[in-house]
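Let's take a walk through this model together. Keep the sequence and the 3D view handy as you read.

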Amino acid sequence: MYFDIALELIVGFFTLLLVLKFLGKIQFSQITPFDFITGLVMGNFVGDAVFDDKIDITEIVFTIVFWGLLIYCVEKSTQKFMFFRVMFEGEPALLIKNGQILYKSLRKNHIDLNQLQQQMRKQGYFSLYEAEYVILERDGQISIAPQHDYGAPTKKDLNIPQKQVRLPFALIMDGKVISGNLMEAGLTEEWLKEQLTNKNISDFKEVLYAEWHENNGLKISEYN
């Protein structure tokens, strides 16, 4: 019995993993109500099937894969047709426009003023009147365009000279060299060893994390 349960869990786990990989990261990075429901249903398929003696492994796989294909078809439909996009994913809604609170929009989206205040405070705005526009996004989060007096100045506003943006590269993580990042940064393992030697570190395994940035150089954190 326990072996059968373990086997079904393993098969269900890897089938779910493959289906989620197939659907793509975007499917679950910004969860809409439809995505939330589909995720719950897929999990329940495995959970219910494991403890049902009448259901075998092939039926579990078929159910998950078929449900995954339905989700995939819906996602493709939402990409091509605006009607399906609005139906399954919803659409953004203005809650504040030109500094004015839109009561009808709040009521339509089942949001009260306390909820709106809470969401705005999380983004650093403690008055509803600090926002010029507030948009309720499809995933339930809000986006805020602050009024001129409350917006943070940009580098252009401060006349700061433009500099090229450089990405940092993680060269060592958990004592292991990230060869791809080392190559991408144009560095070599010999150079990295030399840098560690200069800091009295004899082995990569002694390093918890090491990061290289063209402007800031190499920063190292050892195991403590």
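This is a predicted model: local features need pLDDT of at least 70, side-chain atom pairs count only at pLDDT 80 or more; totals for chains, interfaces and linings use all residues.

Residues are numbered from 1 along each chain as its sequence is written, and side-chain values use heavy atoms, with hydrogens and water left out.

Start with Met120, which sits in helix H7 (residues 113–122). Helices here are DSSP runs of H or I with at least four residues, strands are runs of E with at least two, and both are numbered from the N terminus. Met120 counts as buried because its relative accessibility is 0%. The scale is simple: buried is under 20% relative accessible area, exposed is over 50%, and partly exposed is in between (1.4 Å probe, protein chains only). Look for Ile142 as well: it is 22 residues from Met120 along the chain, and their C-alpha atoms are 7.8 Å apart.

Now find Val86 in helix H5 (residues 82–89). With a relative accessible area of 32%, Val86 is partly exposed. Val86 and Arg138 are separated by 52 residues in sequence, yet by 9.5 Å in space, C-alpha to C-alpha.

How many salt bridges does the rule give? The count is 1, taking a salt bridge to be a side-chain nitrogen of Lys or Arg within 4 Å of a carboxyl oxygen of Asp or Glu. The partners are Arg166 and Glu214, at 3.7 Å from N to O. This pair ties together distant parts of the chain, 48 residues apart: Glu214 is in the loop between strand S7 (207–213) and S8, and Arg166 is in the loop between S4 and S5. Arg166 is partly exposed, because its relative accessibility is 34%.

Strand S7 also holds Tyr209, which is partly exposed at a relative accessible area of 30%. Tyr223 is in the segment after strand S8 (217–222) and counts as partly exposed because its relative accessibility is 44%.

Next, the backbone. Most residues other than glycine have a negative phi. Asn159, however, has a positive phi near 60 degrees; look for Asn159 in the loop between strand S4 (142–146) and strand S5 (169–173). At 66% relative accessibility, Asn159 is exposed. Asp174 has a positive phi too, near 55 degrees, and is found in the loop between S5 and strand S6 (176–177). Asp174 is exposed as well, at 52% relative accessibility.

Finally, visit the second largest pocket, with a volume of about 220 Å³. Of its 13 lining residues, Gly90, Glu91, Pro92, Ala93 and Asn109 are the closest to its centre. A pocket is an open set of points on a 1 Å grid over the protein atoms alone, where a 1.4 Å probe fits, with protein on both sides within 12 Å along at least five of seven lines; lining residues have an atom within 4 Å of a point. The volume is the space filled by probe spheres set on the points, which are joined across faces, edges and corners.
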